Amino acid sequence: MKKPMTTQRLVVGIFTWIVFVTWLSPPPVRAQENVRNGDIDGSGIIDISDPLALLGYLFLGGPPPTPLVCPTPGDCGIDEPPASFESQYYGSLDLEKAAREQYGFLARLVSTGEHLYDWKARVGREDKPLDIRRAVTNQYGAGWSVVSTGVHRFDWKAFRLSDPDFVVLPVMLVASDKFWDIAGVARAVIRYRSVLARVQGWYQNRVEGRLRFLQPLVLSTSLTSAQWNELSAMTAQESTRYVLLNQCIQSHENLLPAPGNNLRVALSVYTGDSADVWLGAASTGRYAMAPPRATSLDCPALGPLDSFCADAAYAIGHELGHTFGLGHTCDEYPGHPRCSNSIMQTGRPPEAILLQREICILLASPFFHPLTGAGGGVAMESPVAALLGDRR
Ligand SMILES: [Zn+2]
């Protein structure tokens, strides 16, 4: 008669199995520092290889756990966006599952560095490329796009452009020579947000409706910083006035579907520290575009703006105004004594105004949502600045 297995024999059996599997497993990737508790082998994700690596260290003389390093925001692409930049439409990806789906159940997910493109599927001792687009389609469905909110390895997301209800989607196009600069791109996203936040706060003050912004997306492009900056300079000529806008839209549509009526896309370009590259802001249809200056400035959340920040906020605020149906104020309302103070003419935030008739047009647009609670989570301009508004 067979004896029932005792608890002791069971534990010994499991331990033997773990030791055997640990011995079979390829060595973990240790090229980078750990940024998450529990990621013992520093592979970038927490999976079965982590307890195995820990057991290997404790009992088999394996390498010690990768040290836990807490990143500074902006240092390596880890960034907590403020609540006023919404991210609920961005789905996370199970890349471990993707590795197994694409290369079989023995495949392991590893990262060979900190960049978006450093994820690999390790099969035996070989690293194979991971198809992120296929992972999004398998895990979410055909209507979903693969996007990223930076170029750090944790920035991959799934997004369906038809999901949000009337929001502004900021998109930062990245010059090809900056695409591998993880910290530079993360800093530029924070800078772009500092400009967008002033546009959001300004509109909220003038219109008393909340303009919702998503967390900016980051898209790669095939143009270098020098080529992008040259396009901006070319817009000074009337015959090439729209070359920067057109290239931005083309770069966007190379990777993402054109926006539906539920979105307005606020485009800008990251070409390194380019605060002096400011020519060429333009808009058409559902796209508003600001030149590279908008991704190069650290603008304060409240209070006065220097001429650079005021110009960048004006570029985005003005071009978005066109996408909501506003024309140039002095053309639409000729002879109005304050038409030139409007953001739709030459008025710069935070002092820029909107005429009452412009406010009515915006309030009738579905993009201006009712204010919920005090401030709706958006930084408000000072009352003095608000009083300068034209509310007749
Ligand atoms: Zn205009």
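This is a predicted model: local features need pLDDT of at least 70, side-chain atom pairs count only at pLDDT 80 or more; totals for chains, interfaces and linings use all residues.
Biologist: What makes lysine 120 count as buried or exposed?

Modeller: Lysine 120 has 22 C-beta neighbours inside 10 Å. A residue is buried if 20 or more other C-beta atoms lie within that distance, so lysine 120 counts as buried. Lysine 120 lies in strand S3, and four of the five residues of S3 are buried, so that strand is largely enclosed by the rest of the structure.

Biologist: Which residues is lysine 120 in contact with, leaving aside its neighbours within four places in sequence?

Modeller: The contacts are Val110, Thr112, Asp127, Lys128, Pro129 and Leu130. One of them, valine 110, is the bridge partner of lysine 120. The C-alpha atoms of lysine 120 and arginine 108 are separated by 8.3 Å, although these residues stand 12 residues apart along the chain.

Biologist: Why is aspartate 273 called partly exposed?

Modeller: Aspartate 273 has 16 C-beta neighbours inside 10 Å. Buried requires 20 or more and exposed requires 12 or fewer, so with 16 aspartate 273 counts as partly exposed. Aspartate 273 sits in the loop between strand S11 (263–270) and strand S12 (282–284).

Biologist: What joins S3 to S4?

Modeller: Four bridges join these antiparallel strands, and the threshold is at least two, so they also count as paired. Alanine 121 has lysine 128 in S4 as its bridge partner. The hairpin of S3 and S4 has two residues between the strands, and glycine 124 in this hairpin takes a positive phi near 65°.

Biologist: Why is one side of S2 and one side of S4 left without a neighbour in the sheet?

Modeller: The three strands form an open, antiparallel sheet in the order S2-S3-S4. S2 and S4 (126–129) stand at the edges, each with a single partner strand, so one side of each has no neighbour in the sheet. The twist from one strand to the next averages 45°. Helix H3 (residues 95–103) packs on this sheet and touches S2, S3 and S4, with its direction at about 50° to that of S3.

Biologist: Which way do the residues of S2 point?

Modeller: Arg108 and Val110 point one way, and Leu109 and Ser111 the other way; all are buried. In a regular strand, side chains alternate between the two faces of the sheet.

Biologist: What makes H8 largely enclosed by the rest of the structure?

Modeller: Of the 17 residues of H8, 13 are buried, so the helix is largely enclosed.

Biologist: How does the span of H8 compare with what is expected?

Modeller: H8 (residues 307–323) reaches 24 Å from its first C-alpha to its last, close to the 24 Å expected at 1.5 Å a residue. Just after H8, glycine 325 takes a positive phi of about 105°.

Biologist: Where does the largest nonpolar core lie, and why?

Modeller: This core has 86 residues, and those with the most contacts inside it are Met172, Val185, Val195, Met289, Ala312, Ala313 and Ile316. Helix H5 (residues 182–207) gives the most to the core, with 13 residues. Domain 2 (83–142) and domain 3 (161–387) both contribute residues, so the core lies between them. Valine 185, not counting residues up to four places away in sequence, touches Gly150, Val151, Val174, Lys178, Val218 and Tyr270.

Biologist: What describes the chain overall?

Modeller: The secondary structure comes to 11 helices and 14 strands. Of the 392 residues, 45% count as buried. Among contacts between residues at least 6 apart in sequence, 68% join residues at least 24 apart.

Key:
Residues are numbered from 1 along each chain as its sequence is written. The expected span of a helix is 1.5 Å times one less than its number of residues. Two residues are in contact if their C-beta atoms, placed from the backbone, lie within 7 Å. A nonpolar core is a set of buried Ala, Val, Leu, Ile, Met, Phe, Trp, Tyr and Cys residues joined through C-beta atoms within 7 Å. Domain bounds come from an automatic or database domain assignment. Axes are lines fitted to C-alpha atoms, for helices over the stretch in contact, and angles run from 0 to 180 degrees between N-to-C directions.
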